[in-house]
Amino acid sequence: MPVTPVALSHADDLADFIAASPSSYHAAAEIARRLEGVGFTRVNEEDSWPSQAGGRYVVVRDGAAIAWVVPTDATATTPVQIFGAHTDSPGFKLKPQPTTGTRGWLQAAVEVYGGPLLNSWLDRELRLAGRLALADGRVVLADTGALLRLPQLAIHLDRSANSGLALDKQVETQPVWGLGDPTQADILAELARSADIAASDIRGYDVVIADTARGAVFGKDDAFFAAGRLDDLASVHAGLVALETYDPAAGAPIAVLAAFDHEELGSASRSGAAGPFLEDVLERVYAELGADSSARRQAYASSWCLSSDVGHSVHPNYVAKHDPVVQPVLGSGPILKLNANQRYATDAVGTASWRAWCERAGVHTQEFVSNNAVPCGSTIGPITATRLGIRTVDVGIPILSMHSARELAGVSDLHDLTRTAQAFFAG
């Protein structure tokens, strides 16, 4: 069945968002930029915050962003609806003393970030992107555009390559970015040039490698969407679009988009889901509504969190890797993620609520559960539930090629997740 023009437009907007978000720091900045463009006020953690009732706000902490809409009639016990996702993706991060090379090649010293499919990064045009901390105290974003490549060894020099290619993480994942003498070159100068600063002003950096190819719609009836960093910018974008259009009715909950960093590393950071960022924001929001600790806990007791992250579609070439019965597929709707060992936070009550939000949005949903012989991953859902005690449901969209440099989703699923997020925010 052909996807709708609205879903195609949504996918094109997602492609724009991903292109503007090569690093978690860029993603957080892009969230703030877009929300400010539709009337949100950006607040800083070091400042006093304005009155909350009727307000629309966004705050950035490093590579994470939290945004919220407070109804005009909100009180100290108004519940909150949190749509959670993460801004980081698996890949590579620039090491200290990053300019290296040998035999006339300039290379970049990188460290593996998270758990990427290493082979998928070969033979792609790559960019450096992230934040630079400067001598004058400023922090600026940098993005070189296409600069690097991880060239694969020709099959003539490795006749066993098609029998199984395993890359040495230290030796064989260092990309090339030029020709010359590494003692006479500086890759930080390329970053500085892209940010219009002097390389000598750089005192610190958090810089990753990202694919440069734009997201694309393709396949029969335009069913497929491929892009880098769908894990988890697809979810961030769904929550962002839903919040951009959220207009709370009387008695509506407080709507929150929480886009955390460092999920691919376990979330244990000041800007990760295991850190205090969301709790800090909620405490301040409720304080401005006159809530003490008891009232805030009353609000939490009737609140919800949707933890949205990508999950596995059944793979037609590896069906045995999936549960023999529960087999979600691209294009058949967002997924509800379940796990008996609480790797996902979904329970029976959450399942019923998720189905209600999907029905209200007119969206078909699927279930996901792992094959018992294949370890199950986790995400921010159990972490958020543990920190705040708020009822949490783990959901997402099914994809193929998870943790590849370029992942595959269904165009209709992307739009349906946004539609469900809109219904969720409404309570």
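Me: Which residues of α5 are buried?

Reply: This is a predicted model, in which local features need pLDDT of at least 70, side-chain atom pairs count only at pLDDT 80 or more, and totals for chains, interfaces and linings use all residues. Residues are numbered from 1 along each chain as its sequence is written, and side-chain values use heavy atoms, with hydrogens and water left out. Buried means under 20% relative accessible area, exposed over 50% and partly exposed in between, with a 1.4 Å probe and protein chains only. The buried residues of α5 are Phe277, Leu278, Glu279, Val281, Leu282, Val285 and Tyr286.

Me: What covers the buried residues of α5?

Reply: Helices (H or I, at least four residues) and strands (E, at least two) are DSSP runs numbered from the N terminus, and contact means heavy atoms within 4.5 Å. The cover of the buried residues of α5 includes the helices α6 (293-301) and α8 (380-388) and the strands β2 (56-61), β3 (64-69), β4 (80-86) and β13 (254-260).

Me: How far apart are the end C-alpha atoms of helix α5?

Reply: The expected span of a helix is 1.5 Å times one less than its number of residues. Helix α5 has 12 residues (residues 277-288) and should therefore span 16 Å. This agrees with the distance between its end C-alpha atoms, which is 17 Å.

Me: Which parts does the pair of Trp49 and Trp68 tie together?

Reply: Rings of Phe, Tyr and Trp (its six-membered ring) pair if their centres lie within 6.5 Å; planes under 30 degrees apart count as stacked, over 60 as edge-to-face and the rest as tilted. Trp49 and Trp68 form a tilted pair, with 5.3 Å from centre to centre and 35° between the planes. The pair ties together parts that are 19 residues apart in sequence, because Trp49 lies in the loop between β1 (41-42) and β2, and Trp68 in strand β3.

Me: Is Trp68 buried or exposed?

Reply: The relative accessibility of Trp68 is 1%. By that value, Trp68 counts as buried.

Me: Which residues form one aromatic cluster?

Reply: By the pairing rule, the count comes to 11 aromatic pairs. One aromatic cluster is formed by Phe83, Tyr246, Trp304, Trp357, Phe424 and Phe425.
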